[in-house]
Amino acid sequence: METDEGDETDAGVSTTRKTFAILEALAETDGLTITELTRRTGLSKSTVYRHLATLTDMGYVVERDGEHYVGFRLLEISEQARNRETGYAAAKRSVFELGQETGERAVFTVEERGEAVYVHRYGSRSNTLIGKRRPLHTLASGKAILAEWDDDDVARFVAEKGLEAVTDDTITDPDELRAELERIRERGYAVNDQEHMDGLRGVAVPVYTPDDDLLGALGVFGPTSRFKDEALHEELPTRLRDKADEIRVTLAYG
């Protein structure tokens, strides 16, 4: 009897994984046929067809002219994640204001399962990165979050996630990362100097709740031609701290 229940559980997990493999493949591109989904997921055509039929019936996938797309039903669910914390909604306004005031791309980022996740973003094609995951150690916002962790948590992160080199300037040495996090703690802001993308710089600060809990990180980024040292280390950190304080006050007093 125990074996039968185990088999049923394994079968259910396998089915769930296939469903999400299809959804993730659809999310990575703009419309796929069943044949293309079969190639991308490695699943059989009959399996893809069955899962698509169920997902379409439930509104999670839509089909147009033989191509399949992620449906708006998923947007309803994702919005619940973005509104899970009261502070996330407050951060949305600050991101918009930062983008308007600086003319640069602004983001609010949180940590989930050891990765940086974009919750709000302002800038060109601003919705394309929402929900995307990035290595914490490659972003200014990610390093601002890491700097709030104690040494044991940082060591655990390095052991579990590693320090992958995304560019030639990415920090890949644990000792160098620890030194960088100490600098961030001392000055109160983090800088990304082409560590995630060549030609791109950014700066970020941590955002706290009124109870001194870490909510996430607020940051701006743009091309190195505009993000000179003065902006990175004087003007932008001050502006970011002001916005982070506004979020905290909003959460405390409304």
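How many of the ten residues of strand β8 (residues 214-223) are buried? In this structure, which is a predicted model, eight of the ten are buried, and the strand is accordingly described as mostly covered. Among the contacts in the protein with a separation of 6 or more, 54% are accounted for by residues 24 or more positions apart.

The pairing of β8 can be followed through two other strands. Strand β7 (residues 200-208) runs antiparallel to β8 and is joined to it by nine bridges, and within this pairing Leu-200 has Pro-223 in β8 as its bridge partner. The strands β7 and β8 form a hairpin with five residues between them, and in that hairpin Asp-212 takes a positive phi near 70 degrees. Strand β3 (residues 105-112) is likewise antiparallel to β8, here with five bridges joining the two, and Ala-106 stands opposite Val-220 of β8. As a general point about such elements, the side chains of a regular strand alternate between the two faces of the sheet.

From the strands we turn to a pair of helices. Two packed helices are described by the angle between their axes and the distance between the axes. For helix α2 (residues 34-41) and helix α3 (residues 45-58), the packing angle is about 115 degrees and the axes lie 9 Å apart. Because angles of 65 to 115 degrees count as roughly perpendicular, α2 is roughly perpendicular to α3. The crossing in which α2 passes α3 is right-handed. On the α2 side, the contact is made by Ile-34, Thr-35, Leu-37, Thr-38 and Thr-41, which meet Lys-45, Val-48, Tyr-49 and Leu-52 in α3.

A last stop is Val-70, which lies in strand β2 (residues 67-70). Val-70 counts as partly exposed because its relative accessibility is 33%, a value that falls between the limits of under 20% for buried and over 50% for exposed. Once its neighbours within four places in sequence are left aside, Val-70 is in contact with Leu-23, Leu-26, Ala-27, Tyr-60 and Val-62. Val-70 and Gly-59, which are eleven residues apart in sequence, are separated by 8.8 Å in space, taken from C-alpha to C-alpha.

Key: Residues numbered from 1 in each chain as written. Predicted model: local features only at pLDDT ≥ 70, side-chain atom pairs only at ≥ 80, totals over all residues. Heavy atoms only, no water. Axes fitted to C-alpha atoms, helices over the stretch in contact; angles between N-to-C directions. Helix = DSSP H or I, 4+ residues; strand = E, 2+ residues; numbered from the N terminus. Parallel < 35°, antiparallel > 145°, perpendicular 65-115°, else oblique. Left-handed = near helix turned anticlockwise from the far one by under 90°. Contact = heavy atoms within 4.5 Å. Buried < 20%, exposed > 50% of the residue type's maximum accessible area, 1.4 Å probe, protein only. Pairing = 2+ DSSP bridges.
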